[in-house]
Amino acid sequence: QVQLEESGGGLAQPGGSLRLSCRAPRLITSVFNTYIMGWYRQAPGNQRELVATIRWNRETAYGESVKGRFTISRDNSRKAVSLQMNSLKPEDTAVYYCTLYHEPPPPGGVPQGSWGQGTQVTVSS
């Protein structure tokens, strides 16, 4: 539905940092401002899981495993959302997906909205 462009994935060492970004360049700003934005991740053999979300009022939610280490933010003027990942651990290794949606999923579920193609994050020594 909405084209999402992700960047910033790559290789990091344990304890290091990465910053992911996601843009919706074809979406007009007034419409972008109505969406919840989020990051989910999926490791091989696992279900897609919540990393972080941010609403139009900048209220945030985080998965338990990343609280205190990751920070999500949005820049409505740029139609973008970012994920600052600090103190990375090998267990953070996964494909990270940007998502944009209006209706929050049930607990443990995933949103039904637009998704980026995913960007690989690998954390290893």
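1. Which residue forms a salt bridge with E64, and how far apart are the closest N and O atoms? The partner is K67, at 2.7 Å. A salt bridge here is a side-chain nitrogen of Lys or Arg within 4 Å of a carboxyl oxygen of Asp or Glu. E64 is exposed at 63% relative accessibility, while K67 is partly exposed at 46% (buried is under 20% relative accessible area, exposed over 50%, partly exposed in between, with a 1.4 Å probe and protein chains only).

2. A word on provenance. This is a predicted model, where local features need pLDDT of at least 70 and side-chain atom pairs count only at pLDDT 80 or more, while totals for chains, interfaces and linings use all residues. Residues are numbered from 1 along each chain as its sequence is written, and side-chain values use heavy atoms, with hydrogens and water left out.

3. On to the sheet: four strands form an open, antiparallel arrangement in the order 1-3-8-7. Strands are DSSP runs of E with at least two residues, numbered from the N terminus, and two of them pair if DSSP finds at least two bridges between them. Strand 1 (5-7) and strand 7 (70-75) each have a single partner strand, so one side of each lacks a neighbour in the sheet.

4. Strand 3 (residues 18-23) runs antiparallel to strand 8 (residues 80-85) over six bridges; L20 has L83 as its bridge partner there.

5. Back to charges: the whole structure has seven salt bridges. One of them joins E5 and R23 at 3.6 Å, N to O, connecting strand 1 to strand 3 across 18 residues. Another pairs R41 with E49 at 2.8 Å, and R41 is buried at 4%.
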